[in-house]
Amino acid sequence: MTTSPPGGDRQQDLIALAEKKMLRNYRQQPVVFTRGEGVHLWDARGDRYLDMTAGISVCSLGHSHPALTRVIAEQAARVLHTSNLYYNEQQIRAAAAIVDRSFADRVYFGNSGAEANEAALKLARRYAHVVRGEPERNLVVATLDSFHGRTFATMSVTGQEKYRTGFGPLLEPVQLVPFGDLAAAEKALAPGKACAFLVEPIQAEGGIVVPPPGYLAGLREVCDRTGTLLIFDEVQTGVGRTGKLFGHQWEGVTPDVMTLAKALGGGVPIGAMACTEEAARGLNYVEGDAVPHASTFGGNALACAAAVCVLDTIDAEGLLDRCQAVGEHLGRKLDELAAAHPDQCTGARGRGLLRGLVLASPAAPVVTECRARGVLLSVAGGRVVRFAPPLIARTEHIDEAIAVLDAVLRERAGRK
Ligand code: PLP
């Protein structure tokens, strides 16, 4: 970190104003970022930070990537938004870019991860009604400790009670089963009962939990046997985060529906639901009826131009290979860190550049101390220090962050 310039403290003034004027949105740390470049951010005092969070798995190309900056500026100068009352070229190109790179035949665009999941759940319910003619097949099965968003439906299928408290009644019926437990999934998916099984290929907010090998393939088989739509929430694992474009590609299985957001726009808000031709029948439009699902902003020209640029840049810069190589380095370093601090750490886990150091106590104080030393990390699942750096990060950036985390853990050990 550099030292703060003398004079007034604009950062403190801004935070004081925020405390008066804003509702809470996450637990905000006392810092205001005003500029970013590559893997670094600068706060309003001019202090520099190494970003190992990337806006929670969003800024995969890093900050102010020249290609993305240029595309956004050019698109803004041409046209920002025209409405889904009309087609727009960027949306069509973004849909084709996702279809060309995935199992999917069709794409719907919203503005966030929650909206993408909301669309997937609406598709599943309506598929049971209008395609199967089984309106009683309305159960959504999801997993304990999952995170799918903060809207009513997505909160209802999020397997963490703390996010649901005080909001009832929620969407019903929903059944939550342990993540990674195929037998429990099979039991919940009795034939004719469930319209969808919704699951993250790696539980991210739940603590970077990788399921046992074969779990996703097993779910595919059970869903096929019971006529249930399989939905993979790739909002955090998608668009390269795990070293493949989509997290499920590690398991060699495909879902009926996949949801994307976060990294897709590289920082410009966008959500997408991609699905097979068959699953798309769930949201089919009948001439003369209301369109079953739609959005004012979803897939607007700016967001979709950004998405196309992100996908093209991942290809052009070989970021999947880089993510795998740098991710393996990070995994080794985290294993070493866990071994070096056995009193404070119980292990390390994850894939690609989505990894966590599992602590024996809450991770928040450790994340706070790392920030004070100029490294941005985040908490997942309460006790996990999450690394989700931009995919452009190099091993020396990882080493720098690990050295700071190591120093923080050593200092804490010394204080005991
Ligand atoms: N799904 C997963 C797996 C997520 O990690 C998140 C956000 O962290 C969401 C959905 C919700 O996304 P958003 O905050 O864009 O609504």
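In this predicted model, the axes of helix α12 (residues 364–372) and helix α13 (residues 395–415) come within 9 Å and cross at roughly 120°. Axes here are lines fitted to C-alpha atoms, for helices over the stretch in contact, with angles from 0 to 180 degrees between N-to-C directions. Helix α12 is therefore oblique to α13, given that angles under 35 degrees count as roughly parallel, over 145 as roughly antiparallel, 65 to 115 as roughly perpendicular and the rest as oblique. The crossing of these two helices is right-handed, the near helix being turned clockwise from the far one by less than a right angle. Helices are DSSP runs (H or I, at least four residues), numbered from the N terminus.

The ligand is surrounded by 13 residues, each with a heavy atom within 4 Å of it. The closest are Gly113, Ala114, Asp233, Gln236 and Lys262. Helix α5 (residues 113–131) contributes the most to this shell, with 3 residues.

A polar backbone atom of Phe147 is 3.4 Å from a ligand nitrogen. The protein covers 86% of the 390 Å² of accessible area that the ligand has on its own, by the Shrake-Rupley method with a 1.4 Å probe.

Residues are numbered from 1 along each chain as its sequence is written. Local features need pLDDT of at least 70, side-chain atom pairs count only at pLDDT 80 or more, and totals for chains, interfaces and linings use all residues, while side-chain values use heavy atoms, without hydrogens and water.

Technical notes: Polar contact = N/O pair within 3.5 Å; in protein donor to acceptor, adjacent residues only side chain to side chain.
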